[in-house]
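Q: I would like to learn how to read this structure, feature by feature. Please start with the overall layout.

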Amino acid sequence: MSITAQKLNFVYNAKSPFAKHALKNVDLHVESGEFVAIVGHTGSGKTTFVQHLNALIRVQSGSLVVDNHDLSSKKLNLKALRGSVGMVFQYPEYQLFADTVLQDVCFGPKNFGVSKEQSEVLAKEALALVGLGEDVYNKSPFDLSGGEKRRVALAGVLAMKPTTLVLDEPTAGLDPRGKKEILSLVKRLNKEQGITVVMVSHDMDEVFENADRVVVFKDGEIVYDLPPSQLFQNEQELVAMNLELPQMARVLNVLRQNGIVLQGDLRTVDDVANALQNLKGGDC
Amino acid sequence: MFRDVTFGQYYPSNSFVHKMDARVKLLLCILFMVGIFFVTSFVGFLWVTLFLALAIGFSKVPLKSILKSVKGIVVLLVLTALLNVFFTKTGNLLVDWWIFQIYDDGLIYAGKMFLRLVYLVVGSSLLTLTTTPVDLTHGMESLLKPLRIIKFPAHELALIMSLTLSFIPSLIEETDRIIRAQKARGADFDTGGLVQRAKAFVPILIPLLVSGFRRAEELANAMNSRCYEGSTHRTKMRVQKLGWRDAVGISVVVVVFSAIFVVHATKGAWSNLVPWLYF
């Protein structure tokens, strides 16, 4: 599902002493099946932007089209939109409420009019997708560990079978293993099921490894919209915006400064190590 | 949905009234509220109006924000006015229609009651508009201090109040977030019958309660781990000091309301001499 934003503007608390211009003339196009990461300093407008995507914040001015839904129109079919755009908030485990895990995951599909039996089927599928088995179905979500809670919350969104997934810092506060699990799941959904992914993140390493494109927000504006390999060559500009560089991008930059240019789309430690080895093999 | 709600409606500015001491403002506000009930004549209300206009002018708070708080009691205002109009049975009969009789005294009472209620709200909202909630609780704590002699826990009370106040914005934010998250999962809060709507709030209330307890526990742990101990000789970072502005404020209020009390006290004696003063 594609996303097209044109001249999107948003002001919080308009006409009051607290007015804040959170989005300024944002233009962005995301193709169906893309994996786009959104980065930026706190207060740069990235969360405001992603909340527009399923009409939790309504368009003030400009236009936004997600799939065939015109979000600036008053006659927008909210249910249909929210069924196809799955939104995973920061710390989604705080939205769990039901008595059992299964009931909680069923909440989404049921709201969209799916029968009880069918929604249980969907819920079980979603739980399997996030790697949780039958043993948790009847547990209270409050008895699970932090990482498990997060996965249950994610399953709660996936059970609605969204075609676009919007994630706001999905790995914040997780241990390295939990992070890896969530990210590989998102990546799998993107590659295997063709789900369009828009992910807000502070972790540049995970952005570098996973995203097809990185969009950088600063003070409500888009300042960069590039593939990660190109974006992170702008070292000084990014540091000036308080954005850290991914480890591998730093390695590649240092190598480049020393005259070693590696070819190909290199994202992980393994990629770079292999490329170096090949280079060495070729030279000797 | 809740983002526009600011608790305590504080209006940031750097005005004369804003800079006054919170304790003084609190006391003057109480004096004002008591005083307004001694105003019985329209001349008196004229004085109070002038006083309020002066105070609002010096507070630099736009009239619109003040009138917003009056909007909250419109129903009460209309109801009291109507009751006064229809149930006062003294004075000259003006209208006699079906079961309704309107006397001129009724209209006068209704008018005065209306003004009194509006001014009460305007006066008290002027306090909350020009004083931050934190200053307000510190002011209250300081004013209640003498009660420590009778073992009144003034500091603890102020602590509870300021903690409550500081929790409100974060709980509002949390509620807002949970509502958004559940809406994103297709939750519907606006349609259906009463029972269905009540049920729709379960997915909000439970996470909110859970997070409320979590926050409270975290806060208690944080305080404990820093050896927090009630009121034993704690000092304040921002010490409140009386200044010339407070002296001016007190003088103005005292002059205005002494006049009102004098007029009130001499009602019987002078009403023949200067009847217009008591109309």
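Q: What does the domain assignment of chain A give?

A: Domain bounds here come from an automatic or database domain assignment. For chain A the assignment gives domain 1 (3-245) and domain 2 (246-284). Before going on, note that this is a predicted model: local features need pLDDT of at least 70, side-chain atom pairs count only at pLDDT 80 or more, and totals for chains, interfaces and linings use all residues. Residues are numbered from 1 along each chain as its sequence is written, while chains are lettered from A and ligands numbered from 1 in the order in which they are written.

Q: How many residues does the contact take from domain 1 and from domain 2 of chain A?

A: Two residues are in contact if their C-beta atoms, placed from the backbone, lie within 7 Å. Domain 1 of chain A gives ten residues and domain 2 of chain A gives nine. The C-alpha centres of these two domains lie 32 Å apart.

Q: Which helix supplies the largest share of the domain 1 side?

A: Helices (H or I, at least four residues) and strands (E, at least two) are DSSP runs, numbered from the N terminus. Helix α7 (residues 204-210) of chain A supplies the largest share of the domain 1 side, five residues. For classes, Ala, Val, Leu, Ile, Met, Phe, Trp, Tyr, Cys and Pro count as nonpolar, Asp, Glu, Lys and Arg as charged, and the others, Gly among them, as polar. By class, the side of domain 1 of chain A that touches domain 2 has five nonpolar, two polar and three charged residues.

Q: Now the chains. How many residues does the contact take from chain A and from chain B?

A: The size of an interface is often given as the accessible area lost when the parts come together. Here the account is by residues: 23 from chain A and 20 from chain B. On the side of chain A that touches chain B, α2 (78-84), α3 (101-111) and α5 (146-158) of chain A each supply at least two residues. That side of chain A has 14 nonpolar, seven polar and two charged residues.

Q: In what order do the four strands of the open sheet in chain A stand?

A: Strands of a sheet pair through backbone hydrogen bonds, either parallel or antiparallel. Two strands count as paired if DSSP finds at least two bridges between them. The order is β2-β1-β4-β5 (chain A), with antiparallel pairing. β2 (20-30) and β5 (69-70) of chain A stand at the edges with a single partner strand each, so one side of each has no neighbour in the sheet.

Q: How many bridges join β1(A) to β2(A)?

A: Seven bridges join this antiparallel pair. Within it, Phe10(A) stands opposite Leu23(A) in β2(A). Strand β1 (residues 3-12) of chain A also pairs with strand β4 (residues 61-66) of chain A, antiparallel, over five bridges. Ile3(A) faces Val66(A) in β4(A), and Asn9(A) has Ser61(A) as its bridge partner in β4(A).

Q: What is the order of the open sheet of six strands?

A: The order is β6-β7-β8-β3-β9-β10 (chain A), and the pairing is mixed. β6 (85-88) and β10 (221-226) of chain A are the edge strands, each pairing on one side only. From one strand to the next, the twist averages 15°. β6(A) runs parallel to strand β7 (residues 164-168) of chain A, joined by four bridges. Val85(A) has Thr164(A) as its bridge partner in β7(A).

Q: Where is Asp67(A) placed?

A: Most residues other than glycine have a negative phi, and most peptide bonds are trans. Asp67(A) lies in the loop between β4 and β5 of chain A. Phi of Asp67(A) is positive, near 55°. For exposure, a residue is buried if 20 or more other C-beta atoms lie within 10 Å of its own, exposed if 12 or fewer, and partly exposed in between, with C-beta atoms placed from the backbone. Asp67(A) has 17 C-beta neighbours inside 10 Å, so it counts as partly exposed.

Q: Is Asn242(A) buried or exposed?

A: Asn242(A) counts as exposed, because it has 11 C-beta neighbours inside 10 Å. Asn242(A) is found in the loop between α9 (235-240) and α10 (247-257) of chain A. Its phi is positive, about 65°, although Asn242(A) is not a glycine.

Conventions. Axes fitted to C-alpha atoms, helices over the stretch in contact; angles between N-to-C directions.
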